[in-house]
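Subject: Structure handover

Hello,

Here is the structure I said I would pass on. Please open it first, then read the notes below.

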Amino acid sequence: MPTNTAAWLAGRYADLTVGPAPYTAPGATDIVIRNRALAVNPLDTIKQSTGDFMYRWLPYPAVLGEDVAGEVVEVGSAVTRFRVGDRVLAYAVGMEKGRDHAAEGGFQHYTVAREQLAAPLPPDLSFEDAVVLPLGISTAASALFQRDQLGLRHPSVTPQPTGQVVVVWGGATSVGSNAIQLAVAAGYEVLTTASPHNHDRMRRLGAALAVDYASPSAVPNLVAAVAGRTVAGVLAVGTGSAEPAVTIAAATGAKRVAMASPSVSFAGIQGVNVHFLRTMSRLVGGNIALQARCLVHGIRARFVWGSSLMTNEVGPMLWADYLPTALADGRYQLAPAAEVVGVGLEQVQPALDALRRGVSARKLVVSLV
């Protein structure tokens with residue numbers, strides 16, 4: 001049996017510490033991945049900094065981490081899509097309710113992953129580049145295609161134009177970069193926001209228009225670009241994105257807004273203190289005001305939980321039907337760009353610290369040898 005090691009979150013507000021971890025055999029529909037690259041996400045930093053505010057069901061010590069890429073070393077008895085030795089990327093869901101929190105966490109050498117949340121990795125794509133995708137693409141797909149979110153038509157190899165528009169506020173983010181590509185692959189024209197130095201990249205991902213999110217004219221420019229066409233939905237990504245997203249929906253007649261980010265930033269919070277309480281007060285008050293605006297305009301605005309695709313048709317559509325082919329033929333771009341910040345599990349904590357300080361249009365990655 002292989003010897004496993006993990007970067008453990010020992011308790012509330014603690015730094016990660018590297019130590020021994022159990023190696024867990026796969027369930028019938030699981031695979032075990034020998035991780036070669038990991039990526040960090042804001043969810044990891046929020047759990048570490050706010051204690052039990054989020055993922056309060058997660059026991060300590062815990063293994064965080066959602067993005068993994070590596071080689072399959074063992075498969076469950078009912079697995080049909082993978083064999084030992086296959087190169088894969090996968091969405092690790094150990095932080096979710098009802099999962100094996102230690103075995104299915106990402107920040108370790110061996111992760112148990114669900115077959116339905118993994119995709120084969122073509123030989124020309126590196127583990128470090130590919131590991132940017134799992135949580136971002138899963139959240140984007142949940143927002144765009146779930147019936148209780150925007151409910152859009154699914155992507156395909158040869159999409160037929162719908163004649164409709166999707167607005168993605170926050171296109172340079174991990175979720176936004178994936179949402180642009182998925183919406184275009186489903187036949188929608190995408191309008192998005194990003195800093196001016198990212199506009200060319202947004203267009204390469206497929207956006208028809210990118211505007212500066214910081215400009216006072218961002219909202220009116222996007223509304224004008226719709227030009228009376230039907231807006232199938234608005235996706236809000238990034239702190240404070242929900243408010244302009246709802247404004248755009250109200251001005252264009254869109255009836256659905258998917259919110260992938262809170263209206264306030266949790267940066268700088270360490271434990272339950274005055275800063276935390278003020279942040280929570282702004283979050284609750286802002287959401288009440290936002291939902292009141294939505295009620296007036298007949299808009300349904302809901303928060304997105306990336307792992308929700310585990311329980312509906314969007315998961316297999318994305319991970320089994322669409323993504324493997326899109327990666328194999330080079331149609332899907334790995335975005336945002338990976339920035340490898342170190343080698344070894346000891347570098348996961350510095351990566352989380354760097355993420356807290358702020359990252360733009362990049363995904364921080366740790367390589368594992």
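**Salt bridges**

A network of salt bridges links Arg12, Lys47 and Asp52. This is a predicted model, so please read everything below as computed from it.

In general, side chains of opposite charge can pair when their charged atoms come close. The count here is eleven salt bridges. Three further pairs are described one by one.

- Arg147 and Glu313 form a salt bridge at 3.7 Å, N to O. This pair links distant parts of the chain, 166 residues apart. Arg147 sits in the loop between helix H3 (134-145) and strand S8 (165-169). Glu313 sits in the loop between strand S13 (300-303) and helix H9 (314-328). Arg147 is exposed, at 65% relative accessible area. Glu313 is partly exposed, at 31%.
- Arg331 and Asp329 form a salt bridge at 2.7 Å, N to O. Arg331 is partly exposed, with a relative accessible area of 27%. Asp329 is partly exposed too, at 44%.
- Asp353 and Arg356 form a salt bridge at 3.2 Å, N to O. They are three residues apart in helix H10 (residues 348-357), so about one helical turn separates them. Asp353 is partly exposed at 29% relative accessibility. Arg356 is partly exposed at 31%.

On overall charge, the protein has 29 positive and 27 negative side chains. The centres of the two sets lie 8 Å apart.

**Overall build**

The protein has ten helices and 15 strands. Its C-alpha trace spans about 60 × 50 × 35 Å along the principal axes. Does the radius of gyration agree or disagree with that of a compact globule? It agrees: for 369 residues the globule value would be near 21 Å, and the protein has 20 Å.

Of the 369 residues, 56% count as buried. The exposed surface comes to about 14300 Å², and carbon and sulfur atoms supply 56% of that area. Take contacts between residues at least 6 apart in sequence: 73% of them join residues at least 24 apart.

Just after H1, Gly51 has a positive phi of about 65 degrees. Tyr55 lies in the loop between H1 and S4. Tyr55 has a positive phi as well, about 55 degrees, although it is not a glycine. Tyr55 is buried, at 2% relative accessibility. Pro61 is in the loop between H1 and strand S4 (67-75). The peptide bond from Tyr60 to Pro61 is cis, with omega near 0 degrees.

**Other backbone points to check**

As background, most residues other than glycine have a negative phi, and most peptide bonds are trans.

A cis peptide bond also joins Ala335 and Pro336, with omega about -5 degrees. Pro336 lies in the loop between H9 and strand S14 (337-343). Ala361 is a residue other than glycine with a positive phi, near 55 degrees. Ala361 sits in the loop between H10 and strand S15 (362-367). Ala361 is buried, with a relative accessible area of 17%; the cut-off for buried is under 20%.

**Two residues to look at**

Leu38 is in strand S3 (residues 30-39). Is Leu38 buried or exposed? Leu38 is buried, with a relative accessible area of 1%. Leaving aside neighbours within four places in sequence, its contacts include Asp67, Val68, Phe107, Val131, Leu345, Leu364 and Val366. Leu38 and Gly65 are 27 residues apart in sequence, and their C-alpha atoms are 7.7 Å apart in space.

His197 is in the loop between strand S9 (189-193) and helix H5 (199-205). His197 counts as exposed, at 61% relative accessibility. His197 and Asp212 are 15 residues apart along the chain, with 9.3 Å between their C-alpha atoms.

Best regards

How values were computed. Residues numbered from 1 in each chain as written. Predicted model: local features only at pLDDT ≥ 70, side-chain atom pairs only at ≥ 80, totals over all residues. Heavy atoms only, no water. Helix = DSSP H or I, 4+ residues; strand = E, 2+ residues; numbered from the N terminus. Rg over C-alpha atoms; globule rule 2.2 N^0.38 Å. Buried < 20%, exposed > 50% of the residue type's maximum accessible area, 1.4 Å probe, protein only. Contact = heavy atoms within 4.5 Å. Areas by Shrake-Rupley, 256 points an atom, 1.4 Å probe, with all protein chains shown as cover. Lys, Arg positive; Asp, Glu negative; His and termini not counted. Charge placed at Lys NZ, Arg CZ, Asp CG, Glu CD. Salt bridge = Lys/Arg side-chain N within 4 Å of Asp/Glu carboxyl O.
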